[in-house]
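Subject: Structure handover

Hello,

Here is the structure I promised you. Please open it beside this email and follow along.

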Amino acid sequence: MKYPVYQPYFNGKEKEFVNDCIDSSWISSKGKYVERFEREYADYIGVKYAASVCNGTMALHLALIALGIGEGDEVIVPTFTYIASVNTIIYCGATPVFADSEKDYWQLDPAGLEELITPRTKAIMPVHLYGHACDMKSICDIARKYKLFVLEDCAEAIGTTINGQRVGSFGDISAFSFFGNKSITTGEGGMVLTNDETLYGRCMHLKGQGLAKYRQYWHDIIGYNYRMTNICAAIGVAQMTTIDNILVRKRRIAQWYKKYLTTKVEFHGERQGTLNTYWMCSILVPDSKDRDPLREHLADVGIETRPLFYPVHTMPMFSTKYKRFPIAENIAHRGINLPSYPGLNEGDVRFIAEQVNNYFCND
């Protein structure tokens, strides 16, 4: 494809820092870049503690384990999300309880949360989708009322803010992903963030095979090997040097799309007070029957697209109990991700938008 949906944006220091790891022989989970990346990323988000891990899915799993989520517990999660949000709840032996989405912003709808809470509910997992943010004030107010944990899934919202405060700093604990298609990347990698020293200690203990702190090769709990490598962390440190530039570029690309898309497609909105970092620039077509033909039309001229996430409740392993989530289903059936990588220029975006416009003009 001439225009892929996403590709990483490197500033040149990635090779320098990775080569430093190789030259020093510190290529695994020990080395100076791991702690440096954790410290710099915690400072960037505005929290006290960060624990790096091998990927974003494991970040969610580690956060859930640290919270003590287990057999018999329920976690409220949007059905309109990437499957990892839900899978990690299942890993813990807990039950996902699905919630619908907001029509305008596509995020977890706090209006329906209270009716989903039962005596078994232990946590709410708001997922900040496609660079936007959930309504964290409403969600945290409900969580406090019912004494529930809040785990923020921030995989797609690196740098997103609500009234100047970055997502990942609102709940009890948060999880980030640095996969190759995220706003900053380490190739594979993730991070768990919290302001709670006890939760941080649990994460560090669990992610390193349950190794006791003061006794070599003595393991006092069942742990996991979820550690990030020094090489991945080195790439992360390099990416941190240009993160602000990346996010400025991504917002500029979104503005270009809004400028040049002249058809009746609906571009992803932005709630007042929220700064959407537009991980993906996404549109809704007027009718679901147009989605796949539009994608085929764009593919014919070298433009890669992707559908929005399918609601998890519709997937075979979760669909045994029939239930409808009309807003999530409507968004998912009409949604398309357009090319969104930071290297796009205005001419690229204009061309892509014109091809979208042409499809509907010729329809």
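Three strands form an open sheet, in the order β7-β6-β11, with antiparallel pairing. Strands here are DSSP runs of E with at least two residues, helices are runs of H or I with at least four, and both are numbered from the N terminus. Two strands count as paired if DSSP finds at least two bridges between them. β7 (165-166) and β11 (274-275) are the edge strands; each has a single partner, so one side of each lacks a neighbour in the sheet. Strand β6 (residues 161-162) runs antiparallel to β11, and two bridges join them. Look for T161: L275 in β11 stands opposite.

A word on the source. This is a predicted model, in which local features need pLDDT of at least 70, side-chain atom pairs count only at pLDDT 80 or more, and totals for chains, interfaces and linings use all residues. Residues are numbered from 1 along each chain as its sequence is written, and side-chain values use heavy atoms, with hydrogens and water left out.

β13 and strand β14 (residues 335-338) run antiparallel and are joined by two bridges. There, P307 stands opposite I336 of β14. Contact means heavy atoms within 4.5 Å. Axes are lines fitted to C-alpha atoms (for helices, over the stretch in contact), and angles run from 0 to 180 degrees between N-to-C directions.

Next, the helix pairs. Helix α9 (residues 291-300) also packs against α11, at about 130° with the axes 10 Å apart. The two are therefore oblique to each other. Oblique covers whatever is left after roughly parallel (under 35 degrees), roughly antiparallel (over 145) and roughly perpendicular (65 to 115). α9 passes α11 in a right-handed crossing. Right-handed means that the near helix is turned clockwise from the far one by less than a right angle; left-handed means anticlockwise. P293, L294, H297 and L298 of α9 meet I352, Q355, V356, Y359 and F360 of α11. By class, this contact of α9 with α11 has seven nonpolar, two polar and no charged residues. Nonpolar means Ala, Val, Leu, Ile, Met, Phe, Trp, Tyr, Cys and Pro; charged means Asp, Glu, Lys and Arg; the others, Gly among them, are polar.

Helix α2 (residues 32-45) and helix α7 (residues 230-240) cross at roughly 40°, and their axes come within 8 Å. That makes α2 oblique to α7. Their crossing is left-handed. The contact includes F37 and Y41 of α2 and V237 and M240 of α7. It has nine nonpolar, two polar and three charged residues.

Last, the rings. How many aromatic pairs are there? The count comes to 18. Rings of Phe, Tyr and Trp (its six-membered ring) pair if their centres lie within 6.5 Å; planes under 30 degrees apart are stacked, over 60 edge-to-face, and the rest tilted. Y3 and F351 form a tilted pair, 5.8 Å centre to centre with 35° between the planes. Y3 lies in the segment before α1 (13-24) and F351 in helix α11 (residues 346-362), 348 residues apart.

Best wishes
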